[in-house]
Amino acid sequence: MTDRPILSRRSFLAALGLTGAAALLAGCGGSPVSSSSEAPASSEALASSAASSQVEPEPFLTPDEFPGLDGSTACIPLMAQMMADTTGIDLAEAQSAVTVSTTAYAWENLAVYDSIYVQMLLVYEAPDYVKDEMEQAGIPLEQKAVGRDALVFIVNQDNPVQGLTLDQLRDIYAGRVTNWKELGGADSPIVAFQRGEDSGSQTLFKKLLIGDGERMEAPTELAPAAMGELVDRVAEYNNSASAIGFSVYYYIDQMYSQPGLRLLAVEGVEPSAQTIADQSYPLCNDFYAVIRASAAADSPERQLYDWLSTPAGAACIRKAGYVPA
């Protein structure tokens, strides 16, 4: 391994929700980048991608050569699978070696502070203040979409409301709708949780749902710092079904959830790997691999970055449980 700090196995498990670090969406942040837009996946493309998941990994890096990764909490399982597939080490060993500083700090480490310990990111979008910092730093980057995730809304399983429209969600978070009975639920006040402004899921929430619309400010007690803490609070709030919150699909589906919660349908579509892949779920967004544009062609980070676009890379992404972009 390199001399960069690594997580102990205990710390890795904590990162999966016991301390609940933030997950964010990736964005260019004003720095010079190359990126590509992706069309919705067709059934043929999904079939091809499924077939690619059968590709056997062929390691091409040693553990010591594996580049320093940073990024979003929701990308931890993918980072570990990438390390296992490209170096040949055991997946459990890779899991214990992966560390992230969460999205905002990861972007800063690579594109603001130019950290010698970080050569590549797997991230969601940066908060606006980090994008401003990146623009000032002016470090040229390359990025590409490697997977697709979605903003999802979580409620207590005892809440009779099964789904909401985009407009209804906007009305909740603007404070225009304040009681579940207005949405076909019980006569109970709506308690709407958000995240802090430096949170990636909050960045995604503002980008995909709120846009330039109104948004009420959440008091501190309704804006937990950690993703896992938000999940816990929605599950446990006042022993009632009044709370609603949000996260990203793969964090809830694969990394951290709680009994007694369920996901809401949005515009009549349930979030799932399939509806995220075909983008029928309306709140989808890509996450990204990012390297410095100056990375040499034979550098480990460039090799790993290019590998993610191969059938073996797509197989790795799918094996880790994600939808390739």
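**Entry 1: a covered helix.** What covers the buried residues of α5? I found that the cover includes β1 (69–71), β2 (120–123), α6 (128–137), β3 (141–156) and β9 (284–292). Helix α5 itself spans residues 103–111, and seven of its nine residues are buried. These are T103, A104, A106, W107, E108, L110 and A111. My cut-offs: buried is under 20% relative accessible area, exposed is over 50%, and partly exposed lies in between, with a 1.4 Å probe and protein chains only.

**Entry 2: ground rules.** I am working on a predicted model, where local features need pLDDT of at least 70 and side-chain atom pairs count only at pLDDT 80 or more, while totals for chains, interfaces and linings use all residues. Residues are numbered from 1 along each chain as its sequence is written, and side-chain values use heavy atoms, with hydrogens and water left out.

**Entry 3: the whole chain.** I counted 13 helices and 10 strands; both are DSSP runs numbered from the N terminus, helices being H or I with at least four residues and strands E with at least two. Of the 325 residues, 55% count as buried. I also looked at contacts (heavy atoms within 4.5 Å). Among those with a separation of 6 or more, 77% join residues 24 or more positions apart. The accessible surface comes to about 13,100 Å², and carbon and sulfur atoms hold 49% of it; the method is Shrake-Rupley with a 1.4 Å probe, and for residues only the protein chains shown count as cover.

**Entry 4: cores.** I looked for nonpolar cores, meaning sets of buried Ala, Val, Leu, Ile, Met, Phe, Trp, Tyr and Cys residues joined through side-chain atoms within 4.5 Å. The largest has 82 residues, and M120, F153 and I244 touch the most other members. Apart from it lies another core of 16 residues, among them V130, I139, Y288 and V290. A reminder to myself: in soluble globular proteins, nonpolar side chains tend to be buried together.

**Entry 5: cysteines.** My search of the whole structure for disulfides (cysteine sulfur atoms within 2.5 Å) found zero.

**Entry 6: salt bridges.** How many salt bridges did the count come to? It gave 11, the rule being a side-chain nitrogen of Lys or Arg within 4 Å of a carboxyl oxygen of Asp or Glu. One of them pairs K319 with D85, with the closest N and O atoms 3.2 Å apart. K319 lies in helix α13 (residues 311–319) and D85 in helix α3 (residues 76–87), so this pair ties together parts 234 residues apart in sequence. D85 is buried at 6%, whereas K319 is partly exposed at 40%.

I then noted K131 with E125, at 2.4 Å between the closest N and O atoms. K131 is buried at 17% and E125 is buried at 8%. E125, K131 and K207 are linked in a network of salt bridges.

D167 and R170 also meet, at 3.0 Å from N to O. Both lie in helix α7 (residues 166–174), three residues apart, about one turn of the helix.

**Entry 7: a proline in a loop.** P271 sits between β8 (265–266) and α11 (273–277), and is buried at 9%. Leaving out residues up to four places away in sequence, P271 touches V152, Y249, L263, L264, A265 and Y281. P271 and D149 are 122 residues apart in sequence, yet 9.7 Å apart in space, C-alpha to C-alpha.
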